[in-house]
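Subject: A structure for you to explore

Hi there,

Here is the structure I promised to pass on to you. Have a look at it first, and then read my notes below.

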Amino acid sequence: PVTPLPLMPLLLALALLSPWGSASGSCPPRCVCASNILSCSQAVLSSVPAPLPRFTAVLDLSHNNVTRLRADWAPGRLAHLHALLLSHNGLSFVSTEAFAHVPHLRHLDLSSNRLRALEENLFSDLTELEVLLLYNNEIAAVDRTAFENLGRLRKLYLGQNRITRFPLELLRDGSRLPQLALLDLSANRLRTLPVGELQALPAWLRDRLYLHGNPLACDCPLFQLVARGHRRRLSAVMDFQEELRCLLPTAPAPVGILALAGRQPLNCSEAREAVLEAHLGDTVTLSCDTRLRGVRSRHWVTPGGERVLEEGGNGSAALLANGSLQLRALRPEDAGTYACWVAGPLLNETLYVELLVHNFTLHGPHDTLNTAYTTLVGCILSVVLVLIYLYLTPCRCCCCRGAEKPPAPRDDSINSSVLSATPNHAVGVPGEPCRSRSASATGPGQNGRFKVGGTPQPPPRHGPKAQRKVSDPDSVSSVFSDTPIVV
């Protein structure tokens, strides 16, 4: 027969094999231990219990009186700890070295405490952190380096604090928090937003950017931002559109941001989503700004119903590696509404982009400049020709080589009037050759002109009347003279 083993030695052996059976892994007083979970919630603790088992993966210290988290709260390295819960403790101080012994922490809950500031490099040791809860504190100052090295952070909850400046550095270019997919800034003290830079963010990030409950000042750019999110049915707008309110100087209470359309005094116009304008011959890129992450596939459909393939489609359209559609050498027929079909891991989405092609090129200003230059040159040439005509008028005879014929005598008739419109030029007689023009008495005349050959002498007249001289062009009776005519 088989001799049975003694019962007490067997139970002792099983206790030694259990993680909570060893001295170093004993469950702290007033705590509940289950496998690798250590729950000390509502245990009226004023400090973190010690020693803590090294294999602890989840540590719940919520609803206690742990007001300060020092660097030595975990004297040993807790390599397995991935969740630390410290909410509802009245916590007002966290050492910058408090997380040096928990490098693999993925979930940290510091919500509903009394934290007033996030110090420099406060969470820099948590390189694997994915979820950080800081809502319902008294945080008013956030150091720009507080979230350094959090390359895996996906969700950041900063709602119900006293933040007055939007931390745009957390989102710009995706360099600091490249995996961030949720940012809660609701119920803070934000009065303005960088609307232009927020609108440029990808839709999958704007889908989880919560801004409701802030005392924002009403303006049309803010309305456009919220209205576009409503058109795209972004969760941050659809789930909290009643709480998305702003302050008008003339209104006693906050008004809904979406109610600003056509309302005085702002009278904001309706938001236009995904409308792109271009000109003939341009190259444009249509973005497929989907709110889905983990996209498996996407393709574009042109206004004519043609599906654009990755290798080039109709020759002028090509699908880029990031899912955008590039159109080259735009033509008038390229205008219309393009559709981007996106297949996500759980849902599908269709985006529409309207392209307007103006029926002229961007060289219009250059053409205008050329036209103005040509007009200017024409005016200058016209002035030069007028000056040549006034001062250097040649002989009007056919040969233009001879001297002008002395003018006929001018009596006191209307023909000799200085007001006569007849030009004071001699006209050659047909059949009689022109003689050379005399230049012996040349000299400068009125207005810089030259008197060629002096004043011609008329032939002697016979009769009782005294001989009268021909009017000199430069005399006081000249039509070009500034002296009044004296009879």
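A salt bridge is a side-chain nitrogen of Lys or Arg within 4 Å of a carboxyl oxygen of Asp or Glu. Keep in mind that this is a predicted model, in which local features need pLDDT of at least 70 and side-chain atom pairs count only at pLDDT 80 or more, while totals for chains, interfaces and linings use all residues. Residues are numbered from 1 along each chain as its sequence is written, and side-chain values use heavy atoms, with hydrogens and water left out.

**Salt bridges**

By that rule there are seven salt bridges. Which residues are linked in a network of them? They are Arg144, Arg165 and Glu169. Glu169 meets Arg144 at 3.3 Å, N to O, and Arg165 at 3.1 Å. Glu169 sits in the loop between strands E11 (155–157) and E12 (182–184), and Arg144 in the loop between E10 and E11, so their pairing ties together parts that are 25 residues apart in sequence. (Helices, H or I with at least four residues, and strands, E with at least two, are DSSP runs numbered from the N terminus.)

Is Glu169 buried or exposed? With a relative accessible area of 12%, Glu169 is buried, whereas Arg144 at 48% and Arg165 at 36% are partly exposed. Here buried means under 20% relative accessible area, exposed means over 50%, and partly exposed is in between (1.4 Å probe, protein chains only).

Another salt bridge joins Glu138 to Arg116, with the closest N and O atoms 3.3 Å apart. Glu138 is in the loop between E9 and E10 (141–142) and Arg116 in the loop between E7 and E8, so this pair ties together parts 22 residues apart in sequence. Glu138 is partly exposed at 21%, and Arg116 is exposed at 62%.

**The chain and its sheet**

The protein chain has six helices and 24 strands, and buried residues make up 34% of its 487 residues. Nine strands form an open sheet with mixed pairing, in the order E1-E2-E3-E5-E7-E9-E11-E12-E13. Two strands pair if DSSP finds at least two bridges between them. E1 (32–34) and E13 (209–210) each have a single partner strand, so one side of each is left without a neighbour in the sheet. Within the sheet, E5 (residues 83–85) and E7 (residues 107–109) pair in the parallel sense over three bridges, and the bridge partner of Leu85 is Asp109 in E7.

**The cores**

In soluble globular proteins, nonpolar side chains tend to be buried together. A nonpolar core here is a set of buried Ala, Val, Leu, Ile, Met, Phe, Trp, Tyr and Cys residues joined through side-chain atoms within 4.5 Å. The largest core has 74 residues, of which Trp73, Phe123, Leu134 and Phe147 touch the most other members. Helices H2 (195–199) and H4 (220–231) are the elements that give two or more residues to this core, and H4 supplies the largest share, five residues. A second, separate core of 19 residues includes Cys288, Leu292, Val308 and Leu330.

Contact means heavy atoms within 4.5 Å. Leaving aside neighbours within four places in sequence, the contacts of Leu134 include Phe123, Phe147 and Tyr157. His212 lies in the loop between E13 and E14 (216–217) and is buried, at 11% relative accessibility.

Enjoy exploring!
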